[in-house]
Amino acid sequence: MTRFTLYKALTVACIVFISLQCIARSGGGGGDFSGGDSDAGAILEIASWILYLIPFPYNFIVLGVFLLLCALGARKYKQSSSLNTIQKVNSGFTTPTQLAAKMALLGNFNEPGFIEKSKQAFTEVQRAWEKKNLGPVRKYISDGVYQRFNTQILMMNQLGQTNTISHLKLLETKIALIEIEDPYEIIHVQYKAEITDSFVSEKYAGINQKYNEEFIEFWTYIRKKTGNKDLYQNNNCPNCGDALPEMGEVSKCPSCQTYTNTGEFDWILCEITQPEEFIDFVNNMSQKNYLSNRLREYKAEKLNTNTQFLEDKASNAYLQIRVAHALKDMSRICRFSTKEFFGSVQNMDHEPYLFNRIFLRDVSMINILENDTHYFAAFAIQCKEQKVIIRRGELHKMDQALTAVTNILVMTLAKNNETGKHSVLAHNCSQCGGPVGDTVNLNCQYCGNQLNDEKKDWVVCGLMSREEYAGYKTQFTTRMVSDKKEEEFIEIDMHARDFAINNMMVIMMADGSFGNEEREYAVKVAKKLGFNSKKISALWEHTSANKLGIIMPDDKKSRQKVFKYMKKAAKIDGIISQPEQNILDDVKAKYELADN
């Protein structure tokens with residue numbers, strides 16, 4: 001080659017390399033769906049430059065290498081899909097050797113004893129939920145988990161609804177993953193169970209549902225290394241020894257005022273996760289570990305907490321805010337909100353509504369921001385919900401299916417804080433621990449302390465969309481992680497084809513069944529989208545049908561493609577049922593999609 005020709009070849013090579021990075025990020029030849037115009041056009045344009053700038057026969061050699069790299073990049077990108085790794089539910093998340101090595105780091109740990117406690121928790125929590133009485137299990141569930149159940153119980157009572165559980169059979173209990181966040185230890189337990197689950201309302205039959213299913217869930221337990229008490233077989237206070245009553249909003253011994261559910265004494269249930277969400281969590285473990293390490297390094301003595309407990313506070317606050325908004329009773333959040341935030345949500349003009357279903361998909365801390373006087377903890381919260389409204393005694397669905405929403409919650413704490421063991425989020429004065437109700441009176445009736453005092457506890461100062469948060473955070477010049485790293489924490493680890501498969505399953509299960517024709521079509525589409533059909537089948541084998549919800553990507557073009565597959569899924573058995581049509585119409589209207 002001449003020097004000029006070599007120069008041109010190197011130029012083309014640079015173009016090829018940069019273009020390959022762009023193509024890989026957008027999914028290879030065809031993006032997330034085969035046959036995409038934009039990536040195919042880019043590939044053709046690069047190929048023409050190769051043929052034009054590089055002399056024969058070298059141009060064909062470079063072209064062949066380029067096309068091979070495109071194919072390998074697209075394949076690798078497809079295999080990176082979060083749902084394409086859901087087979088880990090069956091195969092495990094760590095090797096036995098790795099798990100044993102982690103287990104050896106746990107303090108005073110007895111594996112059979114822990115498994116028995118986790119089995120007891122699983123059964124007792126299910127029964128407490130069914131009876132709408134969390135008192136018997138309150139001593140070993142976190143405030144955030146309590147609020148998740150309590151929120152749904154509150155809404156069920158408003159709807160005259162009960163949830164009857166029958167034929168509950170725990171098939172398998174095993175440790176899936178172990179984390180160490182000194183001084184805390186975290187164990188994720190994988191449960192496999194059978195259940196007949198019936199939601200029944202005598203007042204509103206339109207929301208009645210019944211499921212017979214085998215499902216898998218992941219429950220997360222946390223404790224301090226020094227914890228050596230037993231909250232499961234023993235009903236006495238782990239501190240003073242007095243008998244514990246059934247507790248409600250607050251898990252506190254009435255004799256010595258000790259909180260039992262802090263992880264100080266025994267394993268505490270602090271999270272319940274569905275398989276597809278747990279896969280996201282595992283795939284993003286490196287990011288979570290990075291954030292946990294940064295939090296420990298970042299003025300940890302002033303923040304006095306770890307990511308798990310901060311996220312628990314955020315989930316507790318978020319659900320209380322959503323309930324207050326739904327019932328149009330913002331006095332419920334005054335005690336744990338800044339004056340500015342409370343004022344901003346006071347005069348919202350909307351008709352009161354209820355949640356037929358509401359549960360958190362994921363709560364992740366994404367950053368700590370700061371100014372001269374305060375820290376600001378930001379959390380990305382993904383929630384699945386179905387809103388309903390009662391008009392003249394009749395129920396109307398505002399959401400035709402469970403639908404995912406994402407918000408950013410921000411909580412603040414003064415830099416000169418004196419945080420203690422009491423939490424205003426759990427209806428306690430953060431100074432003296434005295435009980436407080438849902439009230440706009442911001443002074444404790446016992447000690448006179450200001451309840452929403454950010455010197456004593458984290459309080460909410462913002463709840464916003466991702467777009468609003470992008471503008472909000474520009475006021476802060478100091479932050480724990482960079483904007484680029486923060487964006488990685490916020491992003492849902494799903495590609496467009498993941499959304500398509502998920503939403504197709506929601507459509508297929510809308511009429512209460514998942515027939516052979518529907519399953520065959522799902523397998524066919526999964527193959528077309530680049531999934532391993534054997535791996536992806538774990539999604540509908542292990543995902544609880546009543547926990548699936550509509551999730552849509554951010555960009556409109558991908559949404560339109562997802563919607564197209566949803567319509568095909570609805571038609572696969574020859575007829576679109578009314579529930580399926582209702583979901584399609586709802587999604588089309590909410591996301592302003594075309595009907596072609």
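The chain exposes about 26,000 Å² of accessible area, of which carbon and sulfur atoms supply 52% (Shrake-Rupley method, 1.4 Å probe; for residues, only the protein chains shown count as cover). The model is predicted, so local features need pLDDT of at least 70 and side-chain atom pairs count only at pLDDT 80 or more, while totals for chains, interfaces and linings use all residues. Residues are numbered from 1 along each chain as its sequence is written, and side-chain values use heavy atoms, with hydrogens and water left out.

Of the 596 residues, 55% count as buried (under 20% relative accessible area; exposed means over 50%, and partly exposed lies in between, with a 1.4 Å probe and protein chains only). The secondary structure comprises 19 helices and 10 strands (DSSP runs numbered from the N terminus: H or I of at least four residues for helices, E of at least two for strands).

Beyond its neighbours within four places in sequence, Met411 is in contact (heavy atoms within 4.5 Å) with residues including Lys313, Tyr375, Phe379, Leu425 and Trp458. Among contacts in the chain between residues at least 6 apart in sequence, 73% join residues at least 24 apart.

Ile61 is found in helix H3, residues 58-79. Ile61 is exposed, with a relative accessible area of 53%.
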